[in-house]
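These notebook entries record what I looked up, one topic at a time.

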Amino acid sequence: MTLAMDTPWWLAALVLAVLPLFNNGIQPSAYPWLVMLPIDPVSQAISVLLRGGAMAAIAALVLGLAGLHQTGQSRERIGYGANIVLLLDRSNSMDNTFAGKTPDGADESKATAARRLLSDFVRQRPHDLLGIAEYSTAPLFVLPLTDNKAAIQAAINATATPALAYTHVSKGLGMALDMFKDQPLSGSRIVLLVSDGAAAIDPDSELQLRLAFKRQNIRLYWLFLRTANSPGIFEKPQDPRDDNAGAMPERYLHLFFSSLNIPYQAYQAESPDAMQQAIADINRLEHAPLHYLERIPKRDLSGDCYLWATGLLAMLLAVKFFEVKR
Amino acid sequence: MPSSRVYPGAHVGRRVSSGHLFKQHEPFIAHPDPRRIDLRASVLDVFGQYRVRVYQQHSLIDVLLLADLSASMGQNKALLLASLDSIAGSAFSYGDRFSFIACGGETTPRYQLSHCQQRGALQAFSKQLQTARFTPQNPTWQALLPHLPNRPSLVFLLSDFHFDLASLAPILPQLRQHDVIPLVVWQTGDYENLPEWGLASFQDSESRATRTLFMRPALRRKIVQNFQKRRRHLQNFFRRFGCEPVFLQDHFQAAQLQAYFLQRVA
């Protein structure tokens, strides 16, 4: 536990705390000869208590003024979970239902379903470190890897804002992988890609992604939200001429992921229920011991100081009322 | 014995000498003073001897009041002035001479009134004494000795005796020729009339040290006991030097002194 001050020069006022040593606050009356008064242990104890209380009250006030606080800390913890980066698709199509229509109340949009299910998923996994990245035309950095559940929920809820433009998956993947860069290698590292479409990956990006996936030791889950009547990721085109990345980006992205030689699992969800099934699968699979540092934020202690000072001053005031004059 | 010389009230001297008051006739052989021969008495004498008139000696006594002016006596100022008035007044009414010497912490007495026989001088002195400063030290009794008369006198020693009696012990034998009456003045507020409950802080008038006490009936009883013990101790101490102290509480009461003197004769 490390203590620090906001304005340390206030500590100079701690000198005032010695004042009660010279005056215990009770107005003395002249007495001819102290030898005639017995030495009373009870009175001595009360006198010491009074002085100590007054000194502590002054010290507490000064510490409060100086802004005593506990500095931010990190604590080493071990839990069962994973480092998970959620990579969310924010393209326009995510705002449509699984049927490819504008949501009308009966059916929820893919984005809403994803939000709801991911919220539950996060709630069920208390020890995970989660980060969130989004992508559309450009990648969006939302939240670094953290165990702050409130921040994660807030970030997931923030995807309720209307979606953006197109799908540029390679840049999004790049950012998701980047998030693991400075993290200690502990527990499993998962990228959970939630998207409803894909795009072709240019050869430059492909090379870099291959390297990054290998270096970061990533496990990849792709939750593909398939819209009705759109090509699936496992489908082979009937016409061999259509078998190219431009015509079937989903299939080629799947092939790319499969060729990475990393643990990879693709889920093709065609309804919210299927999506829930996929998330439950991931939830079940990813339980490895995780070693991580929990951050403890700075704690302001000046309130406690003032509380103590108030209590002590109240005690001294009560004693003052108990004072008698000869 | 010194105490045998003191009687309560005014009374004639037992010695004969050159006074104004006729006492008796004596044979010339007993008082061979030809100036005092009483011719009429000599003629009437059956044995034909000369008779001489003898007169009472005009006898006076010095009354001294030695007062402690240390800081602890500050609360007894009124009592001090009252006793000064009363003792000096009764000395004047018998024609005795009154002296007052104040004894503070210094080596020479600051307030001194010698051989005063007039009320006016006493009143002026009393006024001066009202503004007296009390010294924050114990009284130095040694400083008084040079100012005491050689003739046997009546000496009142007015103090609260709240100091170590060892400082007084070497002084008292030197006052043996005088008739010493210690007047112990205490304020009941210092012991009997202390509050029963509560927190009180006491500061020593002389050393300035303070002591905080949580007053309660048991503690007050203890303090009263301390004062009773001190009273016995003072009595024993002064009896060793052949004097009996008078304890005055809160006020000076002449009746108390009167009773004291009457007790001594009985």
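Entry 1, a residue of chain A. I looked up the surroundings of A:Asp300 and found 14 C-beta neighbours inside 10 Å, so A:Asp300 counts as partly exposed. A residue needs 20 or more such neighbours to be buried and 12 or fewer to be exposed. I note that the model is predicted. I then placed A:Asp300 in strand S11 of chain A, residues 299-300. In sequence, A:Asp300 and A:Leu3 are 297 residues apart, yet their C-alpha atoms are 9.8 Å apart in space.

Entry 2, chain B as a whole. I recorded five helices and ten strands for chain B. The chain has 266 residues, of which 29% count as buried. I also looked up contacts in chain B with a separation of 6 or more, and residues 24 or more positions apart account for 73% of them.

Which residues of H2(B) are buried? I found B:Leu79, B:Leu80, B:Ser83, B:Leu84, B:Ile87, B:Ala88 and B:Ala91. They lie on the same side of H2(B), because they cover an arc of only 145 degrees around the axis. I recalled that an α-helix has 3.6 residues a turn, so residues three or four places apart point the same way. On the face turned away from the buried side of H2(B), I noted the exposed residues B:Ala78 and B:Ser93.

I listed what the buried residues of H2(B) pack against in chain B: strands S3 (62-68), S4 (97-103), S6 (153-159), S7 (179-186) and S10 (246-249), and helix H3 (119-130). Just after H2(B), I noted that B:Gly95 takes a positive phi of about 80 degrees.

I found that chain A gives 23 residues to the contact and chain B gives 30 residues. On the side of chain A that touches chain B, strand S2 (28-31) and helix H2 (41-66) of chain A are the elements that give two or more residues. I sorted the residues of that side into 15 nonpolar, five polar and three charged.

I found S2(A) paired in the parallel sense with strand S8 of chain B, residues 198-204, over four bridges. For A:Ser29, the bridge partner in S8(B) is B:Phe202.

How values were computed:
Residues are numbered from 1 along each chain as its sequence is written. Chains are lettered from A and ligands numbered from 1 in the order in which they are written. This is a predicted model: local features need pLDDT of at least 70, side-chain atom pairs count only at pLDDT 80 or more; totals for chains, interfaces and linings use all residues. Two residues are in contact if their C-beta atoms, placed from the backbone, lie within 7 Å. Ala, Val, Leu, Ile, Met, Phe, Trp, Tyr, Cys and Pro count as nonpolar, Asp, Glu, Lys and Arg as charged, and the others, Gly among them, as polar. Two strands pair if DSSP finds at least two bridges between them. The arc is that of the directions from the helix axis to the C-beta atoms.
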